[in-house]
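I opened this notebook to record what I looked up, entry by entry.

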Amino acid sequence: PYYRQYVGKKVANGLFIEGNLGLLARKDNYKLVYDNYGGYSSLTTTAINYGYGMAAGVKIKSTSNFIVTIYGGVVRLFNTNGDNVFPRAGVTMGKRF
C-alpha cells in the first residue's frame, strides 16, 4: 500500500511525494562444493521481509485523459541478511475512461 500527497491546485495531478509499505517473500538457492570429488550440495533458504519507502514523482494528465506517471525513490527492508536498501522507480502510461 502507498499514500500520495499531491502538491498543487489540480486534484491527483502534478508533483507528488509518497510513502509506501512493502511485504515480500524471498527464496534463495545456493550451490556449495563440499567434497573432494567435485560433488555439489544445494541449500535453499526462504525469508519474509518487510519495509517502508519514500518516493517522489509527477503525474501528467492531458485534456484527452491520457495519463503518464514518472516516479523514483528508495525502499528500506528489515529482517534481511543481505542488501536492505534498494531503488524504486517506474513509468506508467494509461487512459482514463
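Over the ring of which residue does the charged end of lysine 95 sit? I found the charged end of lysine 95 over the ring of phenylalanine 66, 4.8 Å from its centre, where "over" asks that NZ of Lys or CZ of Arg be within 6 Å of the ring centre and within 35 degrees of the ring normal.

I note that this is a predicted model, in which local features need pLDDT of at least 70 and side-chain atom pairs count only at pLDDT 80 or more, while totals for chains, interfaces and linings use all residues. Residues are numbered from 1 along each chain as its sequence is written, and side-chain values use heavy atoms, with hydrogens and water left out.

Next I looked up the aromatic pairs (ring centres of Phe, Tyr and Trp, the last by its six-membered ring, within 6.5 Å; planes under 30 degrees apart are stacked, over 60 edge-to-face, the rest tilted), and the count came to 3. Tyrosine 50 and phenylalanine 78 form a tilted pair, 5.9 Å centre to centre with 35 degrees between the planes. Tyrosine 50 lies in strand β3 and phenylalanine 78 in strand β4, so this pair ties together parts 28 residues apart in sequence; strands are DSSP runs of E, at least two residues, numbered from the N terminus. Tyr50, Tyr52 and Phe78 form one aromatic cluster.

I then turned to asparagine 49, which lies in strand β3 (residues 40-61) and counts as buried at 2% relative accessibility, buried being under 20%, exposed over 50% and partly exposed in between (1.4 Å probe, protein chains only). Tyrosine 50, by contrast, is partly exposed at 46%.

Conventions:
Helices (H or I, at least four residues) and strands (E, at least two) are DSSP runs, numbered from the N terminus.
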